[in-house]
Amino acid sequence: MTVALAPARRRAVLRQSLSVAVATGAYGLSFGALSIAAGLDLLQTQALSLLLFSGGSQFAFVGVLAAGPAGAPAAIATSTLLGVRNGLYGVQVSRLLDARGPSRLAAAQLTIDESTAVGVAQPEAAAGRLGFWATGVGVFVLWNLTTLLGALAGDAMGDPRRYGLDAAAAAAFCALLWPRLRSADAFAIAAAAAVVAVVLAPHAPAGVPVLVAATTALAAGAWRRAHHDPAPPHHWADEGAD
């Protein structure tokens, strides 16, 4: 039997999901405008957001294509590499959601950085499921709407990065991460990953610094566990109540 969330707790999770969805979805304006600038038409741009739905992979794709048709193989390879991280998220998310049938397909499409972060950040399984679905659906809807707006606005927007929408999305993600840094080891691992991301950001395609930083964090965590008592795996307060 699933433990129901108290109304106040439910509202808190939904507020968190909405804030992350708005911050992330708004950055779709940049993708829409940059995609049109790279030579894709409106239908192609919208199809990328509807079907690929992976911000880093989408930016990498249009960034390489902007160099011309010869860049297509590199664009596909880069966007695929960045999408691999979503498969890693699926390991944790599948245990939380225990989805079946069509809902499993929907969960796979909505498994992104933000939905995973909000879901696993919750102390209760019910809150985790609510956070995952609310964030995933919220980002999907807003990302596609703002992609359309950005594509229609095109050059009228100027350089989309000047609005700071990329910083808003990053700030929302950091706000989720901060409460989970409860030990010196966690702070040290997060700091190492952040340094790697900052150093790589000016030199690597969009999304690659995040992937490398995540790998750095995993390696640091593995090293820590090899030299200390292993930490228990993440669990939710009401897990096993079903």
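Mentor: A crossing counts as right-handed if the near helix is turned clockwise from the far one by less than a right angle. Keep in mind that this is a predicted model.

Trainee: Okay, so is the crossing of H2 past H3 left-handed or right-handed?

Mentor: Start with the geometry: the axes of H2 (residues 28–37) and H3 (residues 42–52) come within 9 Å and cross at roughly 135°. Angles have to be over 145 degrees to count as roughly antiparallel. H2 and H3 are therefore oblique to each other, and the hand of their crossing is right-handed.

Trainee: Which residues of H3 make that contact?

Mentor: On the H2 side you've got Phe31, Gly32, Ser35 and Ile36. By class, the contact has four nonpolar, four polar and no charged residues. The H3 side is Leu42, Thr45, Leu48 and Ser49.

Trainee: Let's zoom in on Thr45: is it buried or exposed?

Mentor: Thr45 lies in H3, and its contacts beyond four places in sequence include Leu40, Thr147 and Ala151. The cut-off for buried is under 20% relative accessible area. Thr45 has 0% relative accessibility, so it counts as buried.

Trainee: Now H7 and H8: how are they oriented to each other?

Mentor: Their axes come within 7 Å and cross at roughly 160°. That makes H7 and H8 roughly antiparallel.

Key:
Residues are numbered from 1 along each chain as its sequence is written. This is a predicted model: local features need pLDDT of at least 70, side-chain atom pairs count only at pLDDT 80 or more; totals for chains, interfaces and linings use all residues. Side-chain values use heavy atoms; hydrogens and water are left out. Axes are lines fitted to C-alpha atoms, for helices over the stretch in contact, and angles run from 0 to 180 degrees between N-to-C directions. Helices (H or I, at least four residues) and strands (E, at least two) are DSSP runs, numbered from the N terminus. Angles under 35 degrees count as roughly parallel, over 145 as roughly antiparallel, 65 to 115 as roughly perpendicular and the rest as oblique. Contact means heavy atoms within 4.5 Å. Ala, Val, Leu, Ile, Met, Phe, Trp, Tyr, Cys and Pro count as nonpolar, Asp, Glu, Lys and Arg as charged, and the others, Gly among them, as polar. Buried means under 20% relative accessible area, exposed over 50%, partly exposed in between (1.4 Å probe, protein chains only).
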